[in-house]
Amino acid sequence: PRRVTVAELREMKRRGEKIAALTAYDYLFARLVDGAGVDVVLVGDSLGQVILGLDTTVPVTLDDMIHHARAVRRGVERALLVVDLPFLTYQVSREDALRNAGRVLQETGAQAVKLEGGSPEIADTVAALVRAGIPVMGHLGFTPQSVHVQGVRVQGKGEEAAERMMAEARRLEQAGAFSVVLELVPGPLAAAVTESVSIPTIGIGAGVGCDGQVLVLHDMLGLNTGFNPRFLRRFADVGQAVTDGVGEYVRTVKDGAYPGPEHTFE
Ligand code: KIV
Ligand code: NA
């Protein structure tokens, strides 16, 4: 299958075709997700929580991201592959950002990076990356790398905060970002941002008015029990399937039903 490009995502927005994005962190899940038809696969720094068991994305390193992205890349044929730049790999200097984003593309085979925030400094960094040939997805609203400043809460509430987010989205568009994630944003604001920029918005907890949707794979598959925010829909109960399957395995091993003669080499 031909690979989805950043230009095609813009074209989808123009046509009014919704963009379906999901995260993946390893080869086999990436192959399943890509084969099921998602347009964008994101190697999110959410791997800190769902793969590494960390409390936040803050401790995730560039080497962690590259390690997982290399595995994901081998499973993705069609979707556009985007990799998160983790905390402190793009905020310190433009040079840092260029080298680190360049490493991601060179060492993983991904087509784009994602970074958080919409300040003038971040927008300058986005512009520099794009000039160097690195497509950038933005990320506004709740930005988990700033969890210790923001707390986990809906962002852009109130007129001033809403206007700030609108300005940040326009700034990212101006800087050349090809798309922007909106996380934990009131539905009306996300819809207004979506209308006011030409680049596609990808929502997570941002209502029905975005150009696309992204979820954390392990959350939407029901693997991450105990995480039940309002925006999340469980599309499968893989966690229960694993518990049932492993439980049955343990029982049959212990009672001698497995392995049987039919599993035995003569
Ligand atoms: O890390 C991640 O999974 C993300 C998505 C939730 C947008 O940034
Ligand atoms: Na992320």
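**A strand pair and the annotated site**

Modeller: Happy to! Let's start with a pair of strands in this predicted model: β6 and β7, the latter covering residues 201-204, run parallel to each other and are joined over 4 bridges. Within this pairing, Val 180 of the one strand sits opposite Thr 201 in β7.

Now to the site itself. Strand β6 spans residues 179-183, and Glu 183 is part of it. An unreviewed UniProt entry annotates Glu 183 as "active site". Glu 183 has 21 C-beta neighbours inside 10 Å, and because the threshold for burial is 20 or more, this residue counts as buried. Beyond the neighbours within four places in sequence, Glu 183 is in contact with His 139, Gly 141 and Phe 142, as well as with Ile 204, Gly 205 and Ala 206.

Stepping back, β6 and β7 belong to a closed barrel of 8 strands, which runs from β1 through to β8 in order with parallel pairing. From one strand to the next, the twist averages 25 degrees.

As for the whole protein, there are 11 helices along with the 8 strands. Its radius of gyration is 20 Å, close to the 18 Å from the globule rule for 266 residues, so the protein is as compact as a globular protein of that length. Along the principal axes, the C-alpha atoms fill a box of roughly 70 × 40 × 40 Å. Buried residues account for 45% of the 266. Finally, among contacts between residues at least 6 apart in sequence, 61% link residues at least 24 apart.

How values were computed:
Residues numbered from 1 in each chain as written. Chains lettered and ligands numbered in written order. Predicted model: local features only at pLDDT ≥ 70, side-chain atom pairs only at ≥ 80, totals over all residues. UniProt positions renumbered as here; feature names shortened; annotations may be inferred. Helix = DSSP H or I, 4+ residues; strand = E, 2+ residues; numbered from the N terminus. Buried ≥ 20, exposed ≤ 12 C-beta atoms within 10 Å, placed from the backbone. Contact = placed C-beta atoms within 7 Å. Pairing = 2+ DSSP bridges. Axes fitted to C-alpha atoms, helices over the stretch in contact; angles between N-to-C directions. Rg over C-alpha atoms; globule rule 2.2 N^0.38 Å.
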